Amino acid sequence: MSWVSPKGTQRIAVGVLGAATLATLLVLLFIIVFVLEKGLRTLSWNFLFTDPQNMGRAGGIFPTLIGTLLLPLLALAVALPLGVGTAVYLTEYTREGRLTRLIRFGTDCLAGIPSIIFGLFGFIFFVTILKMGWCLLAGGLTLAIMILPTIIRTTEEAIRAVPYSYREVSFSLGATRWATVVKVVLPNALPGIVTGVMLSIGRCIGETAAVIFTAGSSLHLPGSVFDSVRTMSVHFYILAREGVSAENAYGTAAVLIISILLLNVSTYWLMHRFIGRRA
Amino acid sequence: MQARGEKIAQRILLVIALSAISSLILIALFIFKEGTPVMLRMGLRKFLFSSEWDPQAGLFGIYPMIVASLWVTLGAMLIGAPLGIAGAIFLNEFVPKTVLRIVKPAIELLAGIPSVVYGFIGVMVLAPLIRNHLGGPGLSILAAAVILGVMILPTVISISTDAIGAVPNSYREGALALGATRWQAVHMVILKAARSGIIASIILAMGRAIGETMAVIMVAGNTVKLPHSVLDSARTLTATIAFEMASATGRHREALFAIGVVLFVIIMLLNSFATGILRGRLTKS
């Protein structure tokens, strides 16, 4: 017999576990409140839509906003067709076997690679060997590889959730496999695919290590995909590290956090609508 | 006609489906091609276990960085793993399912916060706290471990929650029917059943902690010396790459890629171990 009754142990356990959970949530709350509290003072339309002056010491963050918009778009333009294509192949066009295991293994490994390695690879392959230099294109391609596993996984899950009977009906009407995929499977999997896209955009927005070595950190507006850009995360890192302007650093961090919050909330809302419709 | 279209579609999709694995091979190929010459020239043992890092003199010993990475990662695990597993148990077993449905996305939000923001909070809030109350420079292994511990929480909680949620309800009911309290059911039955998933979550989180760069570069300080206490500042493997990449050329750059090779190998080992565990669990059930 132990010296505390099972009921007592239960009470202690619940207390400890609850406290740990609460601590986790408080940390989350603290980070968001801390950044917003300090950053919202700097935040204004002016801050968002004017050019930085004196390397970001004064002025706004407009070019970094554009960089943060363009880079994920470019990455998605490459990764989305590849990711969805892979998921369609895995679910609709082949049986489970050695090849699918290899593809899944590759996807899993790619998902675990840290962003600094992507940065190194992008730098040596796109920037140096393919002679692109630091530019939007090199950054976008590097990020495309980085988000590919997320797109593949979420799309595959979404496609698997489409009931098999939908496909049977389509086949019985004489539709080919391809027509079934395009007209029946993908439209029904769309909310899941969009969720994957949002997650990927979030990762691109927050990424620094892979971006700084591939897209560079120019503060000019890019004229083409071969120009260097600076994203908000990179800008924030440079401001914070060099301690040039705490105010503008906090302001940029606030914009970052708000974008991530908006992305997450809309993803959550979308997933719920999706689940609600299924049930 | 239709059949031919189908064949073409299948071929094209097959090529597309190979994009992930070919990217992986390409990455491995170029990192190794750039990084291995330095290792071979110096000898692997000298590269890994000598403490002389002086790029100007052509000395590339990464032992202090390996030790720093290990300390920071272990510290992060000591903080993040218990908190995360406790959270996963609590949310799955002791509160209504609706709470889990609200809290889990909130915790996953923690994963979406950019690592530079974590780093910044480490610099502004945590480092001064450590400097004033525990001593040392503040920017230290301890600060990095705490920040990384928080950063890996979502990984641990998310995967552990899935593992605990996958334990059949009949296990729970069986334990409770035998007169066990909820906690007894949890630690005697449910944790045993979900063990492999929880271990996998910890290994994956470890991979994330070792690979994390931007937060660590900001809070761990910048000293390439063997650390003697957790209050010392240190420079991890990832931080060294990020710090020196901008200015490195020639052999120095090759040495940074060699660090990349070491990281790559560590992460691949950890990840294949974790996915092996997760896959094994899936095929069993």
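**Briefing: chain B and its contact with chain A**

The contact between the two chains draws 63 residues from chain B and 66 residues from chain A. On the side of chain B that touches chain A, 42 residues are nonpolar, 17 are polar and four are charged. The model is predicted.

**Chain B**

- The secondary structure of chain B comprises 13 helices and two strands.
- Chain B has 285 residues, of which 51% are buried.
- The C-alpha trace of chain B extends over about 75 × 70 × 30 Å along its principal axes.
- When contacts in chain B between residues at least 6 apart in sequence are considered, 74% of them link residues at least 24 apart.

**Helix α1 of chain A against helix α4 of chain B**

- The crossing of α1(A) and α4(B) is left-handed.
- From α1(A), the contact is made by V14(A), V16(A), L17(A), G18(A), A20(A), T21(A), A23(A) and T24(A).
- From α4(B), the contributors are L83(B), A86(B), G87(B), I89(B), F90(B), L91(B) and F94(B).
- Sorted by class, this contact of α1(A) with α4(B) holds eleven nonpolar and four polar residues, with no charged residues.

Conventions. Residues are numbered from 1 along each chain as its sequence is written. Chains are lettered from A and ligands numbered from 1 in the order in which they are written. This is a predicted model: local features need pLDDT of at least 70, side-chain atom pairs count only at pLDDT 80 or more; totals for chains, interfaces and linings use all residues. Helices (H or I, at least four residues) and strands (E, at least two) are DSSP runs, numbered from the N terminus. A residue is buried if 20 or more other C-beta atoms lie within 10 Å of its own, exposed if 12 or fewer, and partly exposed in between; C-beta atoms are placed from the backbone. Two residues are in contact if their C-beta atoms, placed from the backbone, lie within 7 Å. Ala, Val, Leu, Ile, Met, Phe, Trp, Tyr, Cys and Pro count as nonpolar, Asp, Glu, Lys and Arg as charged, and the others, Gly among them, as polar. A crossing is left-handed if the near helix is turned anticlockwise from the far one by less than a right angle, and right-handed if clockwise.
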